[in-house]
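This report goes through one structure, element by element. Please look at the sequence and the model before reading on.

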Amino acid sequence: MNTSVRVHVSCDASALALGAGAIAQAIVAEADARGVAVELVRTGTRGLLWLEPLVEVVTPVGRVAYGPVTVADVRALFDADFLRGGAHASRLGAIEQHPFFARQQRLTFARVGLVDPRSVEDYVAHGGYRGLRNALAMESSDIVQAVIDSGLRGRGGAAFPTGIKWKTVHDAAASPPSALGSESSKYIVCNADEGDSGTFSDRMLMEGDPFCLIEGMTIAGLAVGAEQGYIYLRSEYPHAHRALEAALANARAAGWLGADVHGSGRRFELEVRLGAGAYICGEETSLLDSLEGKRGQVRFKPPLPAIKGLFGRPTVINNVISFASVPIILERGATYYRDYGVGRSRGTLPIQLAGNLKYTGLVELAFGVSLRELLYDYGGGSYSGRPIRAVQVGGPLGAYLPESQFDTPLDYEAFSAVGAMLGHGGIVAFDDTVDLFEQARYAMEFCAVESCGKCTPCRIGSTRGVEVLDRIGAGIERAKNLALLDDLCETMRHGSLCALGGLTPDPVVSALKHFPEDFAARTAGAGG
Amino acid sequence: MRSIAETDLGTPKSAATVQVALTIDGVDVRVPAGTSVLRAAAEVGIDIPKLCATDLLDAFGSCRLCLVQIEGMKGFPASCTTPVAAGMKVTTQGGRIEQLRRGVMELYLSDHPLDAFAADLGSEMQRMAERIGVEDVRYGFAGASHARAIVHDREGREAAIHGGTSHEERERANPLFRPVDASNPYFTFDPAQCIVCSRCVRACDEQQGTLALTVQGRGFASTIVASQDDPFMQSECVSCGACVQACPTGALLEKSLIEQGQATRSVVTTCAYCGVGCSFRAEMRGDDLVRMVPNKDGQANHGHSCVKGRFATGYATHRERILKPMLRAKISDPWREVSWHEAIAHAATEFRRIQAKHGRDSIGGITSSRCTNEETYLVQKLVRAAFGSNNVDTCARVCHSPTGYGLKSTLGESAGTQDFDSVMQADVILVIGANPTDAHPVFASQMKRRLREGARLIVADPRRIDLVRTPHVAADFHLALRPGTNVALLNALAHVVVAEGLVDEAFVRARCEADAFARWRAFVADPAQSPEATEAVTGVPAAEVRAAARLYATGGNAAIYYGLGVTEHSQGSTAVMAIANLAMATANLGRVGVGVNPLRGQNNVQGSCDMGSFPHEFPGYRHVADDAVRATFEQAWGVPLQAEPGLRIPNMFEAALDGDFRALYIQGEDIAQSDPNTRHVTAALSAMECIVVQDLFLNETAKFAHVFLPGSTFLEKDGTFTNAERRVSRVRKVMEPRNSDGTRGYADWEITQLLSNAMGYPMHYAHPSEIMDEIARLTPTFAGISFARIDALGSIQWPCDAAHPDGTPTMHVDAFVRGKGRFMLTEYVPTSEKVNARYPLILTTGRILSQYNVGAQTRRTANNRWHGEDLLEIHPHDAEQRGIHEGDWVGITSRAGETVLHATISARMQPGVVYTTFHFPGSGANVITTENSDWATNCPEYKVTAVEVARVSQPSEWQKRFHAFDEQQQALLEQARDAALDTPH
């Protein structure tokens with residue numbers, strides 16, 4: 001065989017956890033042993049996580065996937081001539097035709113799993129940097145307008161219109177009021193402190209298509225007049241860190257970052273900064289404090305970060321997916337993007353299916369799909385085979401939804417209407433063995449562990465919340481403690497400085513509301 | 001805990017000029033834009049509950065008690081962090097709001113010691129808890145808590161005490177509980193009472209700028225710690241007390257408050273320490289001082305203070321304070337306690353006797369920069385009018401006399417050009433020969449605040465002073481010059497300004513004398529003044545000098561702050577003039593944010609100079625030879641006055657040794673410790689026949705005295721002090737003078753008056769305000785100043801006259817006081833004090849934060865815990881060459897003498913330079929300083945002494961003699977006290 005065959009194995013953390021690294025090594029070793037030329041390419045994941053480790057072979061008729069593959073399968077795959085798409089029990093055919101994938105609308109995640117995340121050339125070959133090229137030819141205010149027109153809202157959870165935020169920064173004066181110092185600057189900050197339970201889309205994008213994030217942030221820099229950006233990455237994401245650093249180095253070397261972005265004379269620098277394990281640093285103002293080298297502690301707003309953000313300067317702070325959604329908007333136009341979605345929720349949302357589901361992974365779809373479709377048509381129902389009893393959407397502070405609410409469409413306003421939130425698009429499913437009292441207690445405990453400690457309702461309230469729930473669980477003065485819990489949730493919801501304390505009552509109150517039977521007196525010793 | 005006399009408006013005042021109208025609880029309110037809703041409400045008397053908000057600190061938004069409802073806004077915004085907006089409708093009360101506040105307070109109380117309010121000090125926490133009125137803490141007290149040492153087991157039984165030793169006890173001890181930290185001598189920290197509002201942390205960050213405190217841990221485990229969880233005393237804490245003042249609970253509390261209970265009255269007065277002149281509220285319980293609280297409305301300090309002003313007041317009641325007049329015939333005699341009448345009569349008789357025998361000019365007086373303007377004025381009046389000579393001088397001779405001379409020559413007025421607040425508009429700050437964080441700490445905090453905002457900093461100092469690198473502050477340039485080369489460095493900076501075309505030609509043309517400027521330009525343009533040429537002299541790389549000069553000349557508003565590192569040199573006056581030249585050439589004078597600012601050492605050194613303490617000048621810096629001025633004083637005082645300047649302090653010593661000068665009245669200055677070449681000074685003192693010392697303690701000079709008149713502290717009298725910004729502030733009597741001889745006690749001005757009357761020159765002031773009225777009548781720059789006006793305005797910066805009825809914050813605005821600014825030629829002349837093989841090191845001297853000057857006050861307080869002795873700082877290389885290790889005894893030998901100190905090895909020093917402080921008399925720092933002095937003013941060259949340093953095993957001969965003499969004099973004092981006990985008056 002003279003020409004080598006391209007074989008794709010994911011280097012995404014989820015695939016690695018399932019042994020993709022060993023598979024890759026085994027394929028190379030087997031190829032060597034057989035004298036077969038194989039070009040092994042490590043890509044991101046396609047997002048069909050139950051099929052990882054997934055191996056894709058580039059054949060004349062397209063990519064053919066095999067999965068999940070074990071090391072023990074590798075020899076058999078060669079024997080089955082998988083390099084030419086040969087038949088094997090694990091052969092899946094083209095991923096694009098897989099039912100989990102075929103119905104998706106991949107805009108932001110179009111390249112994830114397809115491209116080599118380290119290769120600028122691969123990125124450009126798959127349509128990358130077209131958005132930036134367009135942006136470089138535009139007035140900054142037109143870039144901002146395109147993002148406004150696209151209807152893109154912050155994908156980190158708060159769903160604030162991204163373009164409006166950019167406009168505020170665009171319109172802000174770069175210098176503080178006094179004439180101090182020569183540095184007049186604005187900043188672009190990416191919140192990559194993805195810490196919600198059941199979420200992984202940020203990581204998946206950074207590991208699978210980091211240039212998309214880099215391009216989005218560069219466009220943001222052009223749009224608002226910032227020359228420096230930071231990616232605040234949680235330290236628990238070492239693979240994403242390596243992927244980003246490699247991509248940044250390559251983007252710089254290829255002239256897509258630095259003093260002269262793609263020969264435009266425009267400057268944009270980007271650095272990765274690692275967090276130190278605090279959930280609260282995913283809250284944007286804590287993140288800014290942490291980025292400044294301070295203790296990660298929530299700031300009050302106003303002033304908004306867009307006016308007074310990093311180092312006191314106007315700052316765009318967006319989530320990874322928000323930035324990564326921008327290149328296609330600039331490439332295909334605002335209308336193209338806003339044509340997806342429903343109501344005021346435009347475009348697509350990368351939904352992360354997790355928990356007790358048969359098929360877990362990433363599903364990018366236009367807004368409007370119902371929870372039920374996602375759970376059953378995509379997720380295939382529960383992994384255990386038992387009925388799905390509750391779903392938590394939007395991370396640990398999201399409300400618990402009962403079966404009766406499964407028809408709620410994925411739409412910011414529709415979720416809000418049922419007292420829930422879409423958040424970062426993470427969906428965690430529970431079957432009928434779940435104990436919602438324990439889940440409610442966990443919400444308070446989570447808040448107690450992760451509270452920055454600045455405001456009183458969150459700092460003391462979360463600890464008291466665990467204690468009150470324990471008394472309820474133990475059947476001690478039940479009515480009094482349920483009333484106290486109600487008051488406490490009111491105090492936390494309306495009194496807290498940020499969303500951590502403010503939203504912690506949501507899972508507690510929703511659990512209590514929809515699953516009151518789980519809050520009956522428990523046997524001694526239960527409830528921790 | 002804040003002052004009992006102040007109300008807290010919650011957030012700082014907005015500086016905006018635009019007014020915003022809104023409605024709060026139906027009340028129409030107009031406040032400046034940028035004001036918080038909380039403050040807007042407070043200003044119309046609507047007191048919204050709060051705990052984390054205080055008007056000395058930026059809003060923080062953590063306690064959530066100040067939640068309100070605002071029409072059109074979601075939820076319950078915190079009023080402290082929400083700025084007012086036009087037309088806003090705010091509701092501060094109502095069911096849901098109050099329910100939320102109760103919810104928050106109930107949470108607070110669930111983690112608060114039950115007995116916290118027992119002392120009834122009226123903390124904000126106590127008042128807020130009472131006001132919000134939580135009847136029942138439904139959470140109970142068995143849950144997680146910082147308030148108890150013990151934890152409950154599963155059955156609810158209380159278990160072990162914190163700090164238990166057995167394994168079981170440790171198991172059951174409450175890991176959240178932290179015991180009281182009483183390590184600081186002045187305050188305690190009880191974490192159990194802490195509500196983690198971060199006011200202490202923010203006070204340390206924002207007000208003090210030390211950033212010693214932090215919140216450790218997060219969530220419920222959050223706790224306030226100093227440095228790396230160290231006891232306060234071992235941490236970076238500088239004990240300024242801002243955190244103690246900020247604390248709304250009893251967590252941080254003055255020990256004096258705990259011991260004495262809450263004060264019942266509060267009197268505004270002015271600090272008697274450094275030249276910053278902080279305004280304080282002396283908080284009193286009966287006649288006892290409970291604590292000093294910096295005055296929020298203080299125009300020099302804005303509610304901030306340092307460890308000296310706030311805490312170091314114990315000297316006022318120290319057992320070593322002398323409270324009875326004493327006499328003795330010769331200094332080897334025991335002291336004898338006498339009545340005021342006898343002491344005054346004796347002094348007056350002796351003075352007249354000596355004058356009769358040795359001539360009118362054989363006696364003189366020394367005024368004190370620690371006493372009030374009124375007292376200083378009276379002493380110089382006593383000398384000029386009653387003694388009949390001009391033999392009056394002051395301790396400013398040895399500190400800022402070159403400032404007076406240098407600034408008068410160039411700008412026309414012997415004072416700094418700005419107020420302190422001006423620094424908040426400076427873009428470039430040049431600090432030369434000053435160490436503000438130690439010597440002027442409250443102003444240093446303000447300067448650091450500006451530096452944290454982004455102002456650029458140039459430090460010219462032989463040592464790497466703290467300001468060079470301190471949290472969130474770093475100097476752009478540290479010009480580490482060799483001691484004694486200020487003038488060469490300043491000329492080099494000026495050379496760059498001229499050679500690189502950075503002179504503001506328009507300003508110079510309009511405001512300065514053309515001929516003098518032309519001469520100066522030619523002088524500094526000479527390549528001999530270039531940084532490259534002077535590098536060999538100063539040791540500062542030419543490139544750094546050039547860059548620093550460019551920054552100073554082009555960086556926006558540039559302000560120079562300087563101290564004794566400029567003046568106490570043989571070319572002190574030259575350096576001051578070089579500074580003024582630099583500022584004039586770059587147009588950095590005559591507006592806010594710029595200027596030439598001497599940092600005055602003592603509380604009233606500016607005032608003592610203003611009041612005519614120098615032998616050649618009447619009050620207001622007017623020469624005694626000026627016939628018209630002299631005629632005015634002759635008419636007012638009713639006696640003929642001398643037209644010839646009198647003796648300066650060093651001349652007095654010379655004359656004493658020659659036998660021409662025989663008697664001296666010294667009010668509040670310790671020349672035997674503070675003047676250079678101690679052996680020379682003590683010889684002169686020993687040669688005199690009658691030395692009258694008026695002081696609080698038996699200081700070094702008093703050991704040579706024949707009459708001791710016990711002075712009064714600043715707490716015991718009325719008057720005024722003038723700080724470094726020419727700010728005249730009131731000193732108010734908070735207690736009766738303690739120096740009663742059994743009949744009554746006297747303030748210092750009254751003692752001078754007694755002496756004058758006894759000498760036959762009548763003085764009949766009933767109150768210091770009458771003295772100030774006389775000063776105002778006779779001194780044009782003080783014409784508009786009176787106690788009533790000061791009381792009305794808070795303080796007044798002179799000049800204050802018909803044209804400037806409220807005083808003058810910024811001088812030389814439209815024209816210089818002398819008309820046209822005058823550039824002076826400033827040729828660098830090296831000091832004759834040179835290093836050589838025998839004395840290869842340069843000794844330079846300075847101060848430290850916790851001690852003040854000769855230490856008479858601070859050494860008699862717990863401040864000794866920070867600095868119990870003067871140390872010799874030496875660079876590691878110099879130490880290693882001499883085999884000196886940390887803590888070794890080292891002998892320091894100069895051409896003048898020898899002394900012994902413990903060494904501390906410090907890379908703050910540059911090789912070849914050693915450093916010490918002079919706070920302890922036994923250190924003998926001035927035994928080794930020489931008699932070299934400023935060519936124009938005789939200000940001693942304290943900052944440059946060639947020395948050698950070597951390891952030794954015992955104190956110097958001088959120190960042994962000093963200690964023997966000290967023991968003898970203390971014994972003579974004890975005899976007076978014993979005798980007094982035997983024969984009560």
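In which sense do strand β1 and strand β4 of chain B pair, and over how many bridges? Strand β1 (residues 19-24) of chain B pairs with strand β4 (residues 89-91) of chain B in the parallel sense, over two bridges. The model is a predicted one. Within this pair of strands, V90(B) in β4(B) is the bridge partner of I24(B).

**The four-stranded sheet of chain B**

The two strands belong to an open sheet of four strands with the order β2-β1-β4-β3 (chain B), and the pairing in this sheet is mixed. Its edges are formed by β2 (27-32) and β3 (69-70) of chain B, each of which pairs on one side only.

**Domains of chain B**

The domain assignment of chain B gives domain 1 (19-118), domain 2 (326-399 + 644-797), domain 3 (402-598) and domain 4 (841-953). Taken over C-alpha atoms, the centres of domain 1 of chain B and domain 4 of chain B are separated by 54 Å.

Is helix α5 of chain B largely enclosed or largely open? Nine of the ten residues of helix α5 (residues 199-208) of chain B are buried, so this helix is largely enclosed by the rest of the structure. A residue counts as buried when 20 or more other C-beta atoms lie within 10 Å of its own. In α5(B) the buried residues are R199(B), C200(B), V201(B), R202(B), A203(B), C204(B), D205(B), Q207(B) and Q208(B). What do they pack against? Their partners in chain B are β6 (213-216), β7 (223-226), α6 (242-246), β8 (252-254) and α13 (441-452).

Just after α5(B), G209(B) takes a positive phi of about 75°. L211(B), in the loop between α5 and β6 of chain B, also has a positive phi, of about 55°, although it is not a glycine. With 17 other C-beta atoms within 10 Å, L211(B) is partly exposed.

A further residue of this kind is N938(B), which is not a glycine and has a positive phi of about 70°. N938(B) lies in the loop between α30 (925-928) and β36 (945-951) of chain B. It has 18 C-beta neighbours inside 10 Å and therefore counts as partly exposed.

**Chain A**

Chain A contains 23 helices and 16 strands. Its C-alpha trace spans about 80 × 65 × 40 Å along the principal axes. Does the radius of gyration of chain A agree or disagree with that of a compact globule? A compact globule of 528 residues would have a radius of gyration near 24 Å, and chain A has 24 Å, so the two agree. Of the 528 residues of chain A, 58% count as buried. Among contacts in chain A between residues at least 6 apart in sequence, 72% join residues at least 24 apart.

| Cis peptide bond | Omega | Loop holding the second residue |
|---|---|---|
| G67(A) to P68(A) | near -15° | between β4 (62-66) and α3 (71-79) of chain A |
| P302(A) to P303(A) | about 5° | between α12 (284-291) and β9 (315-319) of chain A |

**Where the chains meet**

How many residues does each chain give to the contact? Chain B gives 32 residues and chain A gives 27 residues. On the side of chain B that touches chain A, the elements that give two or more residues are α2 (95-109) and β6 of chain B. The largest share of that side, five residues, comes from α2(B). By class, the side of chain B that touches chain A has 14 nonpolar, twelve polar and six charged residues.

**Nonpolar cores**

In soluble globular proteins, nonpolar side chains tend to be buried together. The largest nonpolar core here has 347 residues, of which V189(A), I429(B), I458(B), L479(B), L493(B) and I579(B) touch the most other members. Leaving aside residues up to four places away in sequence, I458(B) touches V428(B), L430(B), A475(B), D476(B), F477(B), L479(B), A548(B), L551(B) and Y552(B). A second, separate core of 78 residues includes F618(B), A702(B), M772(B) and C800(B).

Definitions and conventions:
Residues are numbered from 1 along each chain as its sequence is written. Chains are lettered from A and ligands numbered from 1 in the order in which they are written. A residue is buried if 20 or more other C-beta atoms lie within 10 Å of its own, exposed if 12 or fewer, and partly exposed in between; C-beta atoms are placed from the backbone. Two residues are in contact if their C-beta atoms, placed from the backbone, lie within 7 Å. Domain bounds come from an automatic or database domain assignment. The radius of gyration is taken over C-alpha atoms; the globule rule is 2.2 Å times the number of residues to the power 0.38. Two strands pair if DSSP finds at least two bridges between them. Ala, Val, Leu, Ile, Met, Phe, Trp, Tyr, Cys and Pro count as nonpolar, Asp, Glu, Lys and Arg as charged, and the others, Gly among them, as polar. A nonpolar core is a set of buried Ala, Val, Leu, Ile, Met, Phe, Trp, Tyr and Cys residues joined through C-beta atoms within 7 Å.
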